[in-house]
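Visitor: I would like to learn how to read the features of a model such as this one, going from a single residue up to a whole sheet. Could you take me through it step by step?

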Amino acid sequence: MKLYFIGADHEVTGSCHLLEVNRKYLMLDCGMEQGRDVFENSPLPVPASKIDAVILSHAHIDHSGMLPKLVHDGFAGKIWTTKATADLSDVMLRDSAHIQESDAEWKSRKAKRAGQPEVLPAYTVEDVENTVKLFEPVSYDETFEPIEGVKVHFEDAGHILGSAICCLNIHEGNADRTLCFTGDLGNIDMPILQDPSDRKNTDYVMMECTYGDRCHEEQVDHVQQLADLMNQTFAKGGNLIIPCFAVGRTQEMLYFIREILEKNLVKYRNFTVYVDSPLAVEATRIFTDNTFGYYDAEAMKLIKEGNNPLSLPNLKLSVSAEDSKAINDDTTPCVILSASGMCDAGRIRHHLKHNLWKNNCTVALAGYQAEGTLGRRLQDGAKDVTILGEKIHVAARIVQLQDVSAHADQKGLIHWLETCEEKPKKLFLVHGEDSVCSSFRDMLKAEHGYRVDAPYSGSVYDLVNDAWILEKEPVEVIRKKSEQQSAQSSANYERDNLYLQLVEEGKRLGQLITTYRKAGKDELKHFLKDVQKLIERWDSSQ
Ligand SMILES: [Zn+2]
């Protein structure tokens, strides 16, 4: 009965753990390492084909993103998760596969010119098709046995729709042990979602600690803040642009806007709300399809009264590029929700291009803006920015909405631990940055009396004997090397992102051309000339 720590150990992405029981293997999460990756995930101790089943805590890519690769490499067991997570993963993994494929295509082209072999994507849409067939949706509190000797049930983690705390009863030989894996733990009082379920008494707890070193600011009234912005912007005849993540944040915004209308908090009521992101549209549909058992009492009350909490009278969902373009023709004040949340990719850039220069418009940043992104430049007060190759003057008002964090903070994590009086035999901290894991561990030991460790990837624990079999220690020199590598990988990330933007614009140009089918001869001549000039300028083979 062994627990292998594979990933999200002393870092916040690449969540992956492996349990060995009765010579069978059960994986807990299979996430992708994203962004500024500090430590490598440890390789799996067995080939993918030897893993018998997977339990997936929730749909975020840093917990689910490598499932198609696992399937590509030979995994053929079941992937147990909640129905909402299965539905969300279906669309999010497809989106991820598209990114992997275009990324590999670009790298291949470059490699070919350098006489190097083709670069293959980590996985393809076909791998995703094979992965979603393996999903085995279960309800919260339903007990299932993914491998012999392990009985599991999920409880609501309150982090995103369908997120689960995984409770395991493990039997091997004469030994019985219990383990609770939190996945990501949610914040309390989040819109739509239930609060995280209380902790149950288990031998072992494996807990995330993303915010183990800090507490969220005092919550503001999000609904009133948004209503004020709408009133101020609409009074000037401008638009309110909200860059936001497609899954979670977009639906929260819809939920707030519905409440604003219901409480009559805006003077001008005839505004249209546009959701302009195909992924956000899909995610909103999944939120609407998965209500019972997932929504909190307040949202369920609306449903019982016959209201869809995410539906608005003037809501327009745009999927095609034409729908998206048509938004710019709307001359009446409107709200535009579009991805990406940090403004560095996706359709939001077109809306910023069309609205940033207008002094009657407002851009409300709805989440964390990472260094180097367009969102951060706007947040820092840039007077001019370059969007899609064009210099745009920033005349619009830029506001930061207070974050509705999807993670419990330090107080929330400790509160959750203490919802059960009996302390676990041992607490493992995962999914926190290096220094956070260490400081939170020391605090829980010193101030709360927990037996707690924060293992590094590659460590292995014997759950029967309650002892480490292998305890990996970080070495300073490796860390230094990792920093260099991560600087390189963040440079690569930025470059890759630019390429993806270019591919997207290329598609837009193709679509634009088709709309000129019936244009006049002169117009066609000019357009053709411009496109030819552009190609000549960039085609180095000519
Ligand atoms: Zn998450």
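Guide: What follows is a short tour of a strand residue, a helix pair, an open sheet and a helix.

Guide: Please keep in mind throughout that this is a predicted model.

Visitor: How should I read a pair of helices, and at what angle do H6 and H7 pack?

Guide: Two packed helices are described by the angle between their axes together with the distance between those axes. Here helix H6 (residues 249-262) packs against helix H7 (residues 278-289) at an angle of about 65 degrees, and their axes are 9 Å apart. H6 is therefore roughly perpendicular to H7, and the crossing of the two is right-handed.

Visitor: Which residues make the contact between H6 and H7?

Guide: From H6 the contact draws on Thr250, Gln251 and Leu254, and from H7 on Ala280, Ala283, Thr284 and Phe287.

Visitor: Turning to sheets, in what order do the seven strands of the open sheet run?

Guide: The strands of a sheet pair through backbone hydrogen bonds, in either a parallel or an antiparallel sense. In this open sheet the order is S7-S8-S9-S10-S11-S20-S21, with mixed pairing. Strands S7 (144-147) and S21 (452-453) stand at the edges, and each has a single partner strand, so one side of each is left without a neighbour in the sheet. Within the sheet order, S10 (residues 175-181) and S11 (residues 204-208) pair in the parallel sense over three bridges, and Cys180 stands opposite Val205 in S11.

Visitor: Finally, how many of the eight residues of helix H10 are buried?

Guide: Six of the eight are buried, which leaves H10 (residues 348-355) mostly covered; the buried residues are Ile348, Arg349, His350, His351, Leu352 and Asn355. These buried residues pack against strands S12, S15, S16 and S17 and against helix H9.

Technical notes. Residues numbered from 1 in each chain as written. Predicted model: local features only at pLDDT ≥ 70, side-chain atom pairs only at ≥ 80, totals over all residues. Axes fitted to C-alpha atoms, helices over the stretch in contact; angles between N-to-C directions. Helix = DSSP H or I, 4+ residues; strand = E, 2+ residues; numbered from the N terminus. Parallel < 35°, antiparallel > 145°, perpendicular 65-115°, else oblique. Left-handed = near helix turned anticlockwise from the far one by under 90°. Contact = placed C-beta atoms within 7 Å. Pairing = 2+ DSSP bridges. Buried ≥ 20, exposed ≤ 12 C-beta atoms within 10 Å, placed from the backbone.
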